[in-house]
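Please keep the sequence and the structure in view while reading.

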Amino acid sequence: MNMPNIGAGTFRLQGQAAIDSVANALDLGYRHIDTAQIYGNESEVGAALAGSGVPRAEVFVTTKIWTEHLAGDALIASLEESLRKLRLDQLDLTLIHWPSPNGAVPVAESMAALMEARARGLTRAIGVSNFTIPLMQEAIGSVGAANIATNQIELHPYLQNRTVAAFAREHGIAVTAYMPLAYGKVLDDAVVKAIAARRHATPAQVVLAWLLAQGHTAIPSSTRRANLASNLAASSLVLSRDDIAAIDALERGERLVSPDFAPRWD
């Protein structure tokens with residue numbers, strides 16, 4: 001199956017909260033679940049998937065390889081451990097979560113390991129996350145753009161990452177937007193709230209519809225069933241050109257995720 005354009009993110013969700021969020025998402029109709037090794041919740045996501053009753057073939061599951069496991073002799077073993085925790089035989093998508101700090105492990109080495117994992121049937125597709133244009137160029141140079149399903153990056157009205165998104169688009173690489181609601185900051189934005197009022201929608205639906213209108217995938221997360229349901233309904237909201245232009249104008253370069261090991265951003 002192709003990656004659904006709205007997924008349920010699980011960043012910061014732990015224990016029963018993670019199980020409940022994923023279980024609610026699946027019950028509401030989400031068919032795209034995103035997790036990562038460093039989130040520490042792959043087992044909980046696996047429990048929710050197993051208990052959902054939703055056929056495996058109907059759910060698109062993504063995990064992300066942590067920086068400690070990017071070396072060619074470590075990546076596949078770590079992915080096999082993720083599969084064990086998730087109670088799956090195969091991932092739909094496996095990403096490099098962050099480029100190796102200070103380039104300790106070459107991009108080409110990690111991408112080659114991902115290609116090997118795909119060849120072994122451990123994952124159907126591979127990709128990257130938090131990659132800048134130079135890093136994307138390295139990844140493309142090592143395995144070809146056709147083998148890179150997505151670049152998952154922070155993207156919301158206050159950080160639109162336009163150059164990276166445009167580069168990805170030029171090379172046929174999808175963009176997945178994480179932190180699409182900017183930790184909820186954009187929900188109080190006057191422009192977003194005004195559009196929501198006119199469209200009889202929630203501010204979150206407006207922001208997600210704006211992302212979808214650009215062809216991006218969005219992976220918001222929530223522990224509240226009502227918010228999960230509302231977010232999923234954003235796929236049916238159509239914004240006008242003026243609405244989109246007004247949100248476009250909110251760009252202010254406000255990056256919320258930039259750990260000390262992050263690459264040099266574009």
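Asn161 has its place in the loop between β6 and α6, where helices (H or I, at least four residues) and strands (E, at least two) are DSSP runs numbered from the N terminus. The model is a predicted one, in which local features need pLDDT of at least 70 and side-chain atom pairs count only at pLDDT 80 or more, while totals for chains, interfaces and linings use all residues. Residues are numbered from 1 along each chain as its sequence is written, and side-chain values use heavy atoms, with hydrogens and water left out.

With a relative accessible area of 12%, Asn161 is buried; the term buried means under 20% relative accessible area, exposed means over 50%, and partly exposed lies in between (1.4 Å probe, protein chains only). Leaving aside neighbours within four places in sequence, Asn161 is in contact with Ile153, Glu154, Leu155, Glu251 and Arg255, contact meaning heavy atoms within 4.5 Å.

Leu155, one of these partners of Asn161, lies in the loop between β6 (150-154) and α6 (162-170), and its contacts beyond four places in sequence include Asn161, Val175, Met179, Trp210 and His216. The C-alpha atoms of Leu155 and Thr217 are separated by 10 Å, although the two residues are 62 residues apart along the chain.

Thr62 is found in strand β3 (residues 60-65). Beyond its neighbours within four places in sequence, Thr62 is in contact with His32, Ile33, Asp34, Thr35, Leu91, Leu93 and Leu95.

The table sets out the computed accessibility of residues discussed in this report.

| Residue | Relative accessible area | Class |
|---|---|---|
| Leu155 | 0% | buried |
| Thr62 | 1% | buried |
| Trp98 | 5% | buried |
| Tyr39 | 11% | buried |
| Phe261 | 24% | partly exposed |
| Phe11 | 34% | partly exposed |

**Aromatic rings and charges**

The structure holds four aromatic pairs, a pair being two rings of Phe, Tyr or Trp (its six-membered ring) with centres within 6.5 Å, and with planes under 30 degrees apart counted as stacked, over 60 as edge-to-face and the rest as tilted. One of them is the tilted pair of Phe11 and Tyr39, at 5.4 Å centre to centre and 50° between the planes. This pair links distant parts of the chain, with Phe11 in the loop between β1 (8-9) and α1 (15-28) and Tyr39, 28 residues apart from it, in the loop between β2 (32-34) and α2 (42-52).

Trp98 and Phe261 have ring centres 5.4 Å apart and planes at 85°, so their pair is edge-to-face. Here, too, distant parts of the chain are linked: Trp98 is in the loop between β4 (91-96) and α4 (107-119), and Phe261, 163 residues apart from Trp98, is in the segment after α10 (241-248). Together with Trp66 and Trp265, Trp98 and Phe261 form one aromatic cluster.

Arg255 lies over the face of Trp265, at 3.8 Å from the ring centre; a charge sits over a ring if NZ of Lys or CZ of Arg is within 6 Å of the ring centre and within 35 degrees of the ring normal. The charged end of Arg252 sits over the ring of Tyr158, 3.5 Å from its centre.

**The helix pair**

Helix α8 (residues 203-213) and α10 pack at an angle of about 100°, with their axes 10 Å apart; axes are lines fitted to C-alpha atoms, for helices over the stretch in contact, and angles run from 0 to 180 degrees between N-to-C directions. That makes α8 roughly perpendicular to α10, a term for angles of 65 to 115 degrees, whereas angles under 35 count as roughly parallel, over 145 as roughly antiparallel and the rest as oblique. At the contact, Val206, Trp210 and Ala213 in α8 meet Ile244, Ile247 and Asp248 in α10.
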